[in-house]
Amino acid sequence: MRVLITGGAGFIGSAVVRYVVGLGHEALTFDKLTYAGNLASLAPVSDNPRHRFLKADICDAAAVRAALAAFKPDLVMHLAAESHVDRSIDGPAAFITTNVVGTFALLQEVLDYWRALPEAQKVAFRFHHISTDEVFGSLGPEGLFREDTPYAPNSPYSASKAASDHLVRAWHHTYGLPAVMSNCSNNYGPYHFPEKLIPLVILNALEGAELPVYGTGENVRDWLYVEDHAEALFTIATRGRPGESYNVGGASEQRNIDVVHTICAALDAKVPDTAGPRARLIRFVADRPGHDARYAIDFSKLHRELGWSPRHSFEDGIASTVQWYLDNRTWWEPLRQRYQGQRLGLTPVEK
Ligand code: NAD
């Protein structure tokens with residue numbers, strides 16, 4: 001297959017690129033390389049002739065058109081987005097531009113491309129839109145997000161993703177574009193940008209710096225190991241039913257404070273700190289505005305229809321992730337230095 005992956009230099013996108021190329025398919029990474037895009041995350045495939053990289057913006061219709069015409073994909077997986085909730089609170093404009101206007105521009109070009117395909121390729125073609133469980137809003141102590149849960153986004157980020165989900169649904173319903181969608185819980189794992197909660201805590205703990213936790217750390221998130229997500233995404237993209245959306249989750253609900261304790265314990269076990277257990281570094285800080293209380297996801301449709309379930313438990317995934325950060329200083333040190341001292345590098349976040 002020939003797979004065009006937008007946002008393929010980001011955290012999840014690069015896991016998808018590595019997975020797809022590893023399966024023997026051809027991949028084109030289409031990425032603007034914002035602060036969150038990093039070619040070093042594609043190093044494992046950089047010498048592989050089945051992978052190509054194009055630095056381009058999804059808002060640039062001509063660039064999208066040219067890439068589609070030259071690469072001739074059978075599948076487009078759309079991950080390009082502004083993805084960080086705290087940044088969306090500080091500056092929502094970029095989120096509307098990329099997540100809403102950019103998805104619109106991409107849809108228009110993909111629709112034209114799909115319409116012009118020969119009949120057999122037209123039938124086989126898929127557009128896969130990757131989204132978040134945050135579009136569903138916040139849960140109380142009970143219940144799970146299902147595919148038919150009403151949308152109720154609370155942050156500028158989740159509102160922009162909800163808007164993009166609605167556009168994709170409409171392009172399928174109105175124009176017949178063979179689109180599938182998925183909404184996933186929090187990802188973690190290798191190549192995760194150091195401003196996000198799990199890498200931030202690992203790296204601060206490693207350096208003996210404070211581990212800031214929003215509010216009382218009671219907020220609950222479901223966590224999925226990124227390589228399990230990549231496998232789920234390719235399964236949905238290739239075998240999901242057009243017009244359907246699939247929830248993806250890790251079956252691993254955790255309070256933020258417990259996530260931090262698990263990381264501290266994993267690090268203490270691997271690299272003991274002579275000053276004492278790293279949990280001593282935890283500091284509670286003022287809560288994020290509009291902080292959603294709980295996300296939890298029902299992914300039984302994906303399991304039932306396509307046979308997917310996550311392979312990693314949270315404890316195993318955290319142990320692998322901690323080990324990866326210990327082994328890959330050359331990946332994260334330049335990013336850490338570049339963002340040192342910025343508010344975003346010093347406050348805890350979930351995504
Ligand atoms: P990321 O921020 O790590 O990567 C986003 C990538 O998109 C970067 O490489 C960036 O350079 C690129 N990009 C941004 N704007 C672009 C534009 N205008 N044109 C082309 N490329 C552009 O994000 P991520 O965490 O890998 O998330 C990928 C997707 O998955 C997003 O759509 C996000 O909403 C969704 N998602 C993320 C999570 C999570 O936990 N991280 C969970 C569920 C869904």
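## Close-up views

**View A. Opposite Trp223 in strand β9 stands Asn186.** Please keep in mind that this is a predicted model, in which local features need pLDDT of at least 70, side-chain atom pairs count only at pLDDT 80 or more, and totals for chains, interfaces and linings use all residues. To find your way, count residues from 1 along each chain as its sequence is written. Strands β7 and β9 (residues 220–225) run parallel and are joined by 3 bridges. Helices (H or I, at least four residues) and strands (E, at least two) are DSSP runs numbered from the N terminus, and two strands pair if DSSP finds at least two bridges between them.

**View B. Three strands form an open sheet in the order β7-β9-β11, with mixed pairing.** At the edges are β7 (186–188) and β11 (253–255), each pairing on one side only. Neighbouring strands here are turned by 50° against each other on average, direction ignored. Such angles run from 0 to 180 degrees between N-to-C directions, with axes fitted to C-alpha atoms, for helices over the stretch in contact. Helix α8 (residues 226–239) lies across β7 and β9, at about 75° to β9.

**View C. Helix α1 (residues 11–22) meets α8, with axes that come within 9 Å and cross at roughly 65°.** On the α1 side, the contact involves Phe11, Ile12, Ala15, Val16, Tyr19 and Val20; α8 contributes Val226, Glu227, His229, Ala230, Glu231, Leu233 and Phe234. Residues are in contact if their C-beta atoms, placed from the backbone, lie within 7 Å. By class, there are 10 nonpolar, 1 polar and 2 charged residues in this contact. Nonpolar covers Ala, Val, Leu, Ile, Met, Phe, Trp, Tyr, Cys and Pro, charged covers Asp, Glu, Lys and Arg, and the others, Gly among them, are polar.

**View D. Strand β8 (residues 211–214) has Leu211 and Val213 pointing one way and Pro212 and Tyr214 the other way, all of them buried.** Buried means that 20 or more other C-beta atoms, placed from the backbone, lie within 10 Å of the residue's own; 12 or fewer is exposed, and in between is partly exposed. Strand β12 (residues 282–285) runs parallel to β8, and 4 bridges join the two.

**Around the views. The chain holds 13 helices and 12 strands.** Buried residues make up 49% of its 351 residues. Along its principal axes, the C-alpha trace spans about 65 × 45 × 40 Å.

Note on methods: Two residues are in contact if their C-beta atoms, placed from the backbone, lie within 7 Å.
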